[in-house]
Each structure stands twice: as C-alpha cells, then as structure tokens.
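Okay, everyone, let's take a look at this one together.

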Amino acid sequence: MPRMTPSEALVETLAANGVTDAFGIMGSAFMDAMDIFAPAGIRLIPTVHEQGAGHMADGYSRVSGRHGVCIAQNGPGITNFVTAIAAAYWAHSPVVCITPETGSMSQGLGGFQEAQQLPFFETITKYQGHVANPARMAEITARCFDRAMLENGPTQLNIPRDFFYGDINVEIPQPIRIERGAGGEQSLQEAAELLANAKNPVIISGGGVVMSDAVEECKALAEFLGAPVVNSYLHNDSFPASHPLWCGPLGYQGSKAGMKLISRADVVLALGTRLGPFGTLPQHGMDYWPKDAKIIQVDCDAKMLGLVKKISVGVCGDAKAAAVSMLKRLEEQNVYCLETKGARATEIAAEKAAWEQELDEWIHEKDDYSLDMIAEQAEEEGNYLHPRQVLRELEKAMPEDAMVSTDIGNINSVSNSYLRFEKPRSFFAAMSFGNCGYALPTIIGAKVAAPERTAISYAGDGAWGMSMMEIMTCVREQIPVTSIVFHNRQWGAEKKNQVDFYNRRFVAGDLENPSFAEIARGMGAEGVTIDRLEDVGPALKAACAAQKEGKTTVIEILCTRELGDPFRRDALSKPVRHLEKYKDFC
Ligand SMILES: Cc1ncc(C[n+]2csc(CCOP(=O)(O)OP(=O)(O)O)c2C)c(N)n1
Ligand SMILES: [Mg+2]
C-alpha cells in the first residue's frame with residue numbers, strides 16, 4: 001500500500017470522486033491539505049461567508065448531479081455552514097461538508113475555536129463520518145462521498161485538525177455507485193393496473209424525475225396515457241413547459257390549470273416525489289387534492305412512501321426505471337383512458353388557456369391592503385411597478401437555457417406562476433427549508449458547474465441584504481451571474497401575516513434601503529435600477545448577454561408594496577390577549 005500523509009489521502013480521495021471545485025474560506029485547520037488542492041486539480045473558490053459556500057456547493061450539485069463540496073475553519077467557520085447544510089438536506093443535494101475540528105489532544109479543554117461539531121449537523125445530514133484515527137482518512141472520506149449519492153443528501157466529514165499530519169499506508173477506495181432498480185414486481189404491476197383502469201389519470205412529476213434524469217421517460221408515459229402532468233411544488237423544471245400535457249406547478253402560487261385538473265383525477269401517479277406537506281396545501285381558495293383518488297407513489301426512499309398522503313400503491317424505485325417499467329406493462333394491456341384521449345386533450349388545453357388569460361389580466365393584487373398601498377404609492381415620488389407585471393416581463397425575456405434560483409419572499413413566491421423551463425436542472429428554489437438568503441449563492445454554485453448556461457437569481461430586498469455580499473465572490477472569482485432584486489422596501493411576506501392576522505400592526509417590517517444598484521457598483525459589478533415596465537425585459541436580456549463577457553449585473557426593480565397571497569394561513573391563528581394592557585392587540 002502506498003505511503004502518504006492523511007492530507008494526501010484526503011485530497012486523493014476527493015480526486016477519485018471527481019472533485020474539481022470546492023467552496024469555502026481558508027483556515028489553518030486544513031491548510032496542509034489545501035496546499036495540494038491545485039496540483040490535484042481542485043479549485044478552492046473563496047467565498048465571502050461560509051453560508052454562501054454551503055449554498056454554492058448545493059447549487060453546484062443541483063445543476064450537475066455531482067457532489068458539491070464545502071470546507072472551512074474549525075469552530076466559527078463550521079457553525080456558519082449550518083443553515084446552508086439544512087437547506088441542502090431539504091433540497092436532497094449530495095453535498096459533502098468537510099468540517100475540520102479542534103485538535104484531538106485539546107478537545108474538551110475549552111481552547112480556541114472549539115466546538116462539538118457533530119451534534120450541529122446530526123439531523124440535517126444523511127451520514128456523519130468522523131475520522132477517529134488518521135489512518136482511516138481515505139476510508140471515511142470515501143464513505144461520505146458514497147453516502148451522499150446513495151441517500152441524495154448532505155454528509156459531514158469531521159476531521160480533528162491534528163489528524164491531517166503523519167504517515168499512513170493506505171489504498172484510495174474507488175467510489176461505490178449503486179444502481180437503482182424500478183421497484184418491486186408486484187407493486188409495479190399493481191400500479192400499471194390502476195393506471196390501465198383509470199378514467200382520468202394525472203401525473204405529478206417531482207424532484208426525483210429531475211434527479212434521475214427521467215423527463216423523457218415521464219413524457220413517454222404521459223403521452224401514452226394522454227395524462228396531464230403537473231410539477232410538484234418548486235420542481236417546475238421536471239417537465240418541459242412547452243409540452244401540450246404540461247399543466248404547471250402544484251402548491252403555493254402554482255397553476256390553477258394544474259390544480260383544477262388534478263382535483264378531477266381518479267388515479268394520481270406521483271413520480272419521484274415525497275408529496276411534501278407544504279406542496280399540496282389549498283391554494284387560490286381551492287382545496288384541490290383529490291381525496292378519493294387512488295395514489296401511486298414512486299420514490300427511491302422507501303420511508304417517503306405514504307408518509308404524508310394516503311396512498312394505494314407505493315413503489316420503492318428509481319423514477320426513470322419505474323416509468324419505463326410501468327409504460328411497458330401498460331403497452332401489454334387494455335388501457336381504459338385511451339378512448340378519451342382527445343376529449344381530455346381538449347380539456348387540458350382549455351384549462352391552460354384560461355389560466356394564461358387570467359395571468360395576463362392579473363396585473364396587480366386586488367385585496368384591500370394592496371389597493372391601499374398602490375393608491376398611497378401613486379402619491380409618492382418615484383415610479384413603482386406591479387410585481388406580477390414585472391414577473392411576466394421577466395418570463396418573456398428569459399433565455400431558453402436559463403438556470404434560475406429563487407429566494408424566500410412574497411414576490412419570489414408569486415414568481416412560481418411565471419417560471420417555466422424546457423429542461424431539467426434549471427430551477428433552484430429555496431426548497432422546504434425556506435431560508436431567506438438562498439438564491440444568490442446557490443446560482444453562483446450552479447454557474448461554476450455550468451459556466452456555459454445563463455445564471456439568474458431572484459430575491460426580495462430583505463433576503464438580498466442577507467446574501468448580496470457574495471457579489472464580491474462573483475467579481476473576484478469571475479463567476480458572472482444576473483441578480484434581480486425586487487425592491488419593495490419591506491419584509492413583505494411576513495408583513496402579509498400582519499395584514500391578515502394582526503390588523504396591520506406592522507412591527508419591524510419596513511426597510512429603508514440604500515440603492516442596491518449603487519452597492520453592486522461599489523462591489524465591482526454592474527448595477528441597474530429599473531422603474532419602467534418597458535425596461536424590465538431589455539435589462540434582463542442585456543445582463544444575460546453580459547455574462548458572456550464575464551460581467552455580473554444586479555438589476556434592482558422598484559416595486560409597489562402590494563402583496564400576493566401569504567405562504568400559509570393554516571399555520572397562524574387570530575391573536576388572543578388575556579391581559580388588560582394588551583387588550584387592544586387583538
Ligand atoms: C433566514 C430567514 N429569516 C427569516 C425568515 C422569515 N421570512 C420569510 S419571508 C420573509 C420576508 C422576505 O422579504 P423580502 O426578501 O424583502 O421579500 P418580499 O416578501 O418583500 O417580496 C421573512 C423575513 C426566513 N424565511 N428565513
Ligand atoms: Mg421586500
């Protein structure tokens with residue numbers, strides 16, 4: 001067995017797993033390994049903050065399907081990773097988070113930058129590898145890489161900092177990649193029979209379809225059945241938007257056409273989706289989930305089957321292989337719904353046309369608060385645009401190969417109705433973890449993995465404030481992106497709750513901001529302020545074109561304070577006050 005140092009064993013194992021890029025902030029803890037990253041073909045991209053590095057690793061893995069890697073200094077560098085790793089966990093991203101730890105000889109003595117680093121990540125990783133002896137560096141590192149792929153999620157590689165040094169004899173393990181099958185014979189057969197006897201089958205195409213590169217197979221199955229296809233929440237890139245069977249996303253600010261069509265389903269095929277609880281809540285005043293329909297759920301994680309929604313058949317398998325197997329079985333039997341293909345196609349086209357028309361005519365929000373804000377702002381100096389109109393303009397000007405990341409906020413949520421994609425691995429929303437500050441660093445990571453594609457991030461002004469310093473990373477490292485900032489001078493999404501539940505008692509909701517375009521210029525990027533609707537599309541197109549010249553642009557769009565529907569009404573209650581002094585706060 002070759003003789004090497006643990007640092008060499010770590011770096012050689014990264015290389016054996018195809019690592020070419022890592023994100024992080026340098027530190028003495030891992031300097032010995034970092035010193036040989038470049039000769040091993042690994043670029044360490046220095047970020048402004050470790051949270052940014054974690055999100056970049058997430059975006060990198062989501063667009064490429066390869067591991068995202070982040071690394072930082074023990075203690076504070078590692079605690080800064082926590083939010084990003086939690087986000088990657090709920091995005092099912094194979095991120096390997098390398099966490100050098102305080103030295104094994106001083107752990108527990110209260111020295112410098114000491115922390116118990118494993119408990120922080122215990123519930124937000126799929127596997128935690130701790131290098132308990134330097135001789136096991138390659139083995140544990142390799143396992144972290146294998147498990148991240150096997151379980152579709154982040155893993156932690158924890159290394160006491162003194163264990164980078166010494167001499168070991170070790171063989172670098174080859175990556176273990178497990179092929180997934182279609183699922184059990186019996187469950188696949190039952191699923192095919194349910195579909196064959198369905199009158200009105202509807203397919204939900206989920207994140208698993210994106211991850212297993214199953215769009216073509218999902219399309220073939222949908223076309224055979226003539227079934228409408230809806231995207232699961234925030235997986236708008238799981239079916240091509242130009243396809244006649246595409247009906248848009250379910251869930252918050254999703255497609256009314258898709259929701260109406262699924263409400264009439266007698267059999268739903270949930271392909272590659274865990275049917276997350278937030279993604280099927282009532283929307284647009286519609287409780288659309290078909291409670292009496294038979295549900296077939298396909299997921300590669302058996303623990304997700306039937307977890308949230310009652311199901312009739314659960315298939316534990318790969319979305320692609322399962323789609324192929326079900327289609328093959330359907331081709332061999334009588335399929336009831338084929339007779340009504342024409343009529344159902346007409347129904348799909350009619351629902352889609354009605355929704356598009358509604359979106360075209362939905363220029364601004366019409367609730368009392370929004371109307372008051374629009375009237376108030378008309379009296380103010382300056383011009384403010386209706387968010388929905390802005391989102392429609394952005395949609396029209398979007399380049400076809402675009403990758404778009406979205407943040408958490410009211411306008412970002414409304415954008416769900418307007419973000420359509422032709423190919424998978426194009427949409428990177430801040431999934432179920434829902435943290436503000438996600439979009440910019442995530443799209444930077446995506447751009448590193450796919451430099452030939454156009455990279456666009458959306459964020460509200462509040463979320464932008466949390467993350468905008470990573471524009472410095474774009475400029476320093478020449479990673480050109482285009483960032484849209486919806487500048488409505490408020491933490492709008494949460495203010496909406498104060499409108500709905502707290503009688504417009506606004507606490508800590510207003511933001512008096514500087515010019516974000518000016519800040520962008522100060523960081524060395526281009527900065528544009530838009531306050532006319534006709535300038536929105538041309539500004540996006542120009543900024544996207546400028547990416548080819550290596551330029552990063554921040555487009556700040558001045559928006560009214562109107563607010564779309566809230567995230568969720570189900571999670572709040574009207575206030576109750578028993579104490580006399582708070583009696584007016586009801
Ligand atoms: C890290 C984090 N902090 C707080 C929240 C709660 N939160 C959700 S949306 C939101 C407001 C977002 O405001 P902004 O980015 O300006 O977008 P807008 O809603 O105004 O469109 C807040 C504070 C969160 N989701 N994540
Ligand atoms: Mg805002």
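So, D461 and N488: buried or exposed? Both D461 and N488 are buried. Keep in mind that this is a predicted model. What do these two residues do here? D461 and N488 link distant parts of the chain, 27 residues apart: D461 sits in helix α18, residues 461-467, while N488 is in the loop between β18 and α20.

Right, on to the cores. Nonpolar side chains tend to be buried together in soluble globular proteins. The largest nonpolar core in this model has 54 residues, and I204, I262, L269, L271, I296 and M326 have the most contacts inside it. Helix α12, residues 319-331, is the biggest contributor, with six residues. If you click on I262, you'll find it touching V202, I204, V230 and L250, among others, leaving aside residues up to four places away in sequence. There's also a second, separate core of 43 residues, including A257 and M431.

A257 comes up again in helix packing, where K256, A257, K260 and L261 of α11 meet a set of α13 residues including I348 and W355. The α11 and α13 axes are 8 Å apart, at an angle of about 145°, and the crossing is right-handed. What's in that contact? Four nonpolar residues, six charged and no polar ones.

Notes
Residues are numbered from 1 along each chain as its sequence is written. Chains are lettered from A and ligands numbered from 1 in the order in which they are written. This is a predicted model: local features need pLDDT of at least 70, side-chain atom pairs count only at pLDDT 80 or more; totals for chains, interfaces and linings use all residues. Side-chain values use heavy atoms; hydrogens and water are left out. Helices (H or I, at least four residues) and strands (E, at least two) are DSSP runs, numbered from the N terminus. Buried means under 20% relative accessible area, exposed over 50%, partly exposed in between (1.4 Å probe, protein chains only). A nonpolar core is a set of buried Ala, Val, Leu, Ile, Met, Phe, Trp, Tyr and Cys residues joined through side-chain atoms within 4.5 Å. Contact means heavy atoms within 4.5 Å. Axes are lines fitted to C-alpha atoms, for helices over the stretch in contact, and angles run from 0 to 180 degrees between N-to-C directions. A crossing is left-handed if the near helix is turned anticlockwise from the far one by less than a right angle, and right-handed if clockwise. Ala, Val, Leu, Ile, Met, Phe, Trp, Tyr, Cys and Pro count as nonpolar, Asp, Glu, Lys and Arg as charged, and the others, Gly among them, as polar.
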